[in-house]
Structures are given as C-alpha cells and as structure tokens.
Amino acid sequence: MKILVTGAAGFIGFHLSKKLIERGDTVIGLDNLNTYYDVNLKKSRLDILNQYDNFEFSLNDIADRDKFNTVFDANQFDVVVNLAAQAGVRYSLTNPHAYMDTNIVGFCNVLEACRHNGVKNLVFASSSSVYGANEKQPFSENDNIDHPLALYAASKKANELMAHSYASLYDLPCTGLRFFTVYGPWGRPDMALFKFTKNIIEEEPIDVYNKGDMIRDFTYVDDIVNGIISTIDSPAKPNVNWSATDPDPASSYAPFRIYNIGSSNPVPLNAFIEAIENALGKKAKKNLLPMQDGDVPATFADTSELARDFQYQPKMSIDEGIRNFVDWYREYYS
C-alpha cells in the first residue's frame with residue numbers, strides 16, 4: 001500500500017514508518033520538525049528512514065492547509081495514519097494555541113484531504129488522557145469521557161468526534177487509538193523515562209510527582225506499532241448491532257471505531273523508577289513533588305476490544321523494555 005504517516009519524525013511515527021517500509025509498503029512521512037523537543041533527535045530518526053528506497057520525507061505541516069494538500073496532489077494514498085499532534089499535557093497549560101492549531105485545525109485538514117482524495121482508511125492517534133476525571137479502573141472505551149482535565153485531552157476527544165462526523169457523512173473509515181504512556185528506544189525527551197534516565201546518569205535529582213503515588217499503564221512502542229498496523233490492514237466497519245437508543249461510544253452505525261491500546265499491566269511509578277535504577281546500576285535522587293495540574297493518579301487500559309478484533313497481545317515486560325531504552329540512550333548519547 002501507499003501510506004501517509006504524519007508525524008513520521010516523531011517517536012511513534014518513526015517506529016511505525018520503519019516497520020511499514022520493512023514489510024514492503026511505500027511510506028510518505030510528513031513532519032514539520034517543530035522545536036517542542038530536540039530537532040536533532042527527529043533528524044536522526046529521519047536519517048534511518050531515508051536509507052530506504054520506499055520512504056519519502058515531506059517537510060510539511062498539517063495545519064498549513066494549502067501546503068498540506070500538495071502532498072495529496074502528488075500521491076494517491078490507500079491509508080493515512082495521523083500521528084502529527086502537539087503532544088504533552090503540561091505544555092498545554094501554557095501554550096494552548098499550539099494545540100488548537102495542530103490538533104484541531106490540522107486534524108480538520110487531514111479529514112478534508114482524506115474525504116476529497118478517496119482515502120480508504122484513516123487511523124489516528126487519540127490518548128488515554130481523554131478519560132480525564134474518570135477514576136473507574138480499568139478504563140474502557142465504553143466509559144464516559146466528558147470531563148477532560150487539560151486542553152490536550154479535550155483536543156483528542158474533539159478528534160474522535162470530528163472523525164465520527166466524517167465517517168457518518170462521507171463513509172470514511174476512521175479508527176482512533178487511545179495510546180497509554182508509550183515508551184521505548186528513540187523516545188521523547190519530555191517523557192518520564194527519558195528525563196529519569198538522563199538525570200540519574202548525570203546524578204541530578206528526578207522530579208517525582210504526587211510523591212510517587214501514581215500508576216501508569218506503560219506500553220512498549222513495538223506493541224503499540226503492532227496494534228496500529230492491525231488497524232491499518234483492517235479498516236473500521238459499521239457495527240450492525242449498534243443501537244441509537246443505547247449507543248456504544250466505541251463504535252457506530254458508520255465505519256468508525258475507538259480502541260484502547262496499552263499493556264493492561266499498570267506499574268506503580270516507584271517500581272518504574274526502580275527498574276530504571278536496576279538497568280543503570282545507579283540510584284536516583286528523588287525530588288518529591290505534589291500532583292501537577294491536569295495530571296491523573298492512575299491509568300489502566302482495558303484492551304479487550306482490540307484483543308477480540310485483532311488478537312492484540314502486548315509482549316514486552318517493563319524490565320526488558322526499560323533495558324532496551326537504556327541501551328539505546330547510552331549508545332545514542334555516547
């Protein structure tokens with residue numbers, strides 16, 4: 001297939017693009033290379049992808065409608081995977097317009113381009129953040145998500161609603177994937193594993209929010225990529241049993257689906273830190289802090305629907321996954 005991957009220089013976009021081109025798909029990777037974190041890391045990812053003949057990079061921005069549409073003028077895509085987004089819960093507290101520009105305006109441009117260019121399948125990134133104030137565990141796609149705690153989460157819920165409207169109006173198959181705390185080699189510098197590893201190596205204290213009393217459904221990037229590819233290969237279909245009097249939020253009469261994609265094996269933050277310490281052979285100096293605005297104490301994914309439909313089964317243990325990241329970090333920053 002010919003597949004457009006937006007956000008291809010990002011963490012998940014890089015891993016997904018690499019897996020797709022290695023299996024023989026043609027990938028056009030699009031990214032604006034913004035400065036939210038180290039652009040050199042993004043360029044290093046692209047250096048690897050550019051070694052493949054069936055990969056082409058487009059320096060572009062989904063929020064720039066005219067320029068973005070030129071990519072569709074030059075290509076006929078079978079599938080679009082939208083991973084381009086302004087990420088980060090905390091950053092949204094101080095830079096809200098970045099989320100409106102990319103996550104709302106940009107995603108509208110993606111939907112319109114898919115609609116007008118005969119795209120057969122749109123897969124897009126949502127987030128576990130949409131569960132917001134909901135404390136029912138594990139998080140299910142059938143739960144209410146009407147109480148986001150940050151603009152980032154609200155923008156991701158908006159993406160799901162926008163996608164459903166296009167699935168309904170234009171019969172565009174749309175699958176939204178709610179990612180749960182993705183980690184692994186080539187990860188983002190703003191994520192906990194990266195920051196903790198860097199500071200422990202440099203013997204600097206690490207900031208531990210809510211004094212470590214937090215639980216996260218950490219999910220290894222290869223498990224995430226395998227789940228994404230399953231939905232790339234099988235576009236969303238209407239749920240023939242969907243009822244308008246008892247509506248299922250995760251499916252529709254239209255070709256639309258929402259799935260959690262996580263490990264379903266949440267880990268206490270202090271155990272996560274201990275695994276990093278073990279991989280590094282060094283103890284962390286902890287700066288214990290209160291809970292941050294927009295954050296939640298626990299995430300836990302119910303992935304039974306993804307397992308039912310695609311036999312999704314995450315394989316990576318937290319200890320091995322962290323060792324893989326630490327090995328990459330030491331080599332990359334050697």
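Predicted model: local features only at pLDDT ≥ 70, side-chain atom pairs only at ≥ 80, totals over all residues.

Mentor: Residues are numbered from 1 along each chain as its sequence is written, and side-chain values use heavy atoms, with hydrogens and water left out.

Trainee: How many disulfides does a search of the whole structure find?

Mentor: A disulfide is a pair of cysteine sulfur atoms within 2.5 Å. The search of the whole structure finds 0. For Cys114, the nearest cysteine sulfur is that of Cys174, 7.4 Å away.

Trainee: Is Cys114 buried or exposed?

Mentor: Buried means under 20% relative accessible area, exposed over 50%, and partly exposed in between (1.4 Å probe, protein chains only). Cys114 has 1%, so Cys114 is buried. Cys174 is buried too, at 0%.

Trainee: Which way do the side chains of strand β4 point?

Mentor: Helices (H or I, at least four residues) and strands (E, at least two) are DSSP runs, numbered from the N terminus. In β4 (residues 79-82), Val79 and Val81 point one way, while Val80 and Asn82 point the other way. All are buried.

Trainee: In what sense do β1 and β4 pair?

Mentor: Two strands pair if DSSP finds at least two bridges between them. Strand β1 (residues 2-6) pairs with β4 in the parallel sense, over 4 bridges. Ile3 has Val79 as its bridge partner in β4. Strand β5 (residues 121-127) also runs parallel to β4, joined by 4 bridges. There, Val81 stands opposite Val123.
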